[in-house]
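Q: Could you walk me through how the helices pack against one another in this model? I'd like a close look at who touches whom, and at what angle.

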Amino acid sequence: MALKRKLVPQSVYRRQLATRLRELREASGLTLTEVSERIEVNQGSLSRIETGERGTTPVLVRALLDCYAVTDTELRDDILDLVRADKEQQKPWWRKYSTVLAPTRYDGYLALEAAATALANYQPLLVPGLLQTEDYARAVIAQMRPELTPDQVDALVRVRMERQDSRLSGEHPIDLWAVLDEAVLRRVIGSPAVMRQQFAHLVQAGDQPNVTIQLLPFSAGAHPGLYGPFVVLTFPQPTAPLVWLENPNNSVYLESESDIQNYTDIFDQLRASAFSPAETRTHLTSTAEELAP
């Protein structure tokens, strides 16, 4: 499969819907042109629905299912549920922060993370957002986004804290496996006091059953993670995993099978070279003591 690199990801439910509708059309033996003529809908619109580039409505989906001779009630209901779920996902809790989220496409990542069941996150320089304390997050955001006003910085900090509450706890917490380069510990963000608090928070977070934290020491030498940070997101079946690469102005996600396998292999190499969670806890504690006043 060729590389597929996009800036704004579709809803996870929309991706599932697109796949199911395309499979049903192909099983019926109809072409997009034939379907377009039969239900009198623009062929371009149907194509964008099948690629997940646009959403649709229950009325149109029912027409498509009738066209494909889908009579199984349970199957029809499942597909219509995907249509409704996609619409609901367009009304997320972070919408009120859209002004400060849009420039880096962070809202696109939040939509993916909200539907994911597991994250494999490698970070070479910073504590992952899901594990940051409020003070650490504020220092990071203020320094990395100098164009923001104090109010905008506060808004992004609130997003990060709400994101943690939403994903690390609650009824369906995500499984987070984070590998941090030792540079994350050595780079003082904010102040020594902020870092001590952050290390204590990492130790606490690592005690949660759904959170695994490993430290990759400098002694590991050169490794594939030197290319930069990444997140591999896993979703409920049948949705395929994705890789998210964050950049200042053009964060992208990769969805080709080769990219997913490549980054999964890299993450496996990194965690195999890293300290165990227990050893990581010890290093976090000792590093915090080095920063003691």
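A: Start with H2 and H4: on the H2 side, Val 35, Arg 38 and Ile 39 meet Leu 60, Ala 63, Leu 64 and Cys 67 of H4. Contact here means heavy atoms within 4.5 Å, and a helix is a DSSP run of H or I with at least four residues, numbered from the N terminus. Keep in mind that this is a predicted model, where local features need pLDDT of at least 70 and side-chain atom pairs count only at pLDDT 80 or more, while totals for chains, interfaces and linings use all residues. Residues are numbered from 1 along each chain as its sequence is written, and side-chain values use heavy atoms, with hydrogens and water left out.

Sorted by class, that H2–H4 contact has six nonpolar residues, no polar ones and one charged. (Ala, Val, Leu, Ile, Met, Phe, Trp, Tyr, Cys and Pro count as nonpolar, Asp, Glu, Lys and Arg as charged, and the others, Gly among them, as polar.) H2 spans residues 32–39 and H4 residues 58–67, and the two pack at about 115 degrees with their axes 11 Å apart. The axes are lines fitted to C-alpha atoms over the stretch in contact, with angles from 0 to 180 degrees between N-to-C directions. H2 and H4 are therefore roughly perpendicular; that label covers 65 to 115 degrees, with under 35 roughly parallel, over 145 roughly antiparallel and the rest oblique.

Next up, H7 and H9. Their axes are also 11 Å apart, but the angle is about 10 degrees. That makes H7 roughly parallel to H9, and their crossing is left-handed. From H7 come Tyr 106, Tyr 109, Leu 110, Glu 113 and Ala 114, and from H9 come Val 159, Arg 160, Arg 163 and Arg 167. The class count for this contact is five nonpolar, no polar and four charged.

Last, H11 (residues 192–206) packs on H13 (residues 277–290) at about 160 degrees, with the axes 9 Å apart. These two are therefore roughly antiparallel, and H11 passes H13 in a left-handed crossing. Arg 196, Phe 199, Leu 202 and Val 203 of H11 meet Arg 281, Leu 284, Thr 285, Thr 287 and Ala 288 of H13. Here the tally is five nonpolar, two polar and two charged residues.

Definitions and conventions. A crossing is left-handed if the near helix is turned anticlockwise from the far one by less than a right angle, and right-handed if clockwise.
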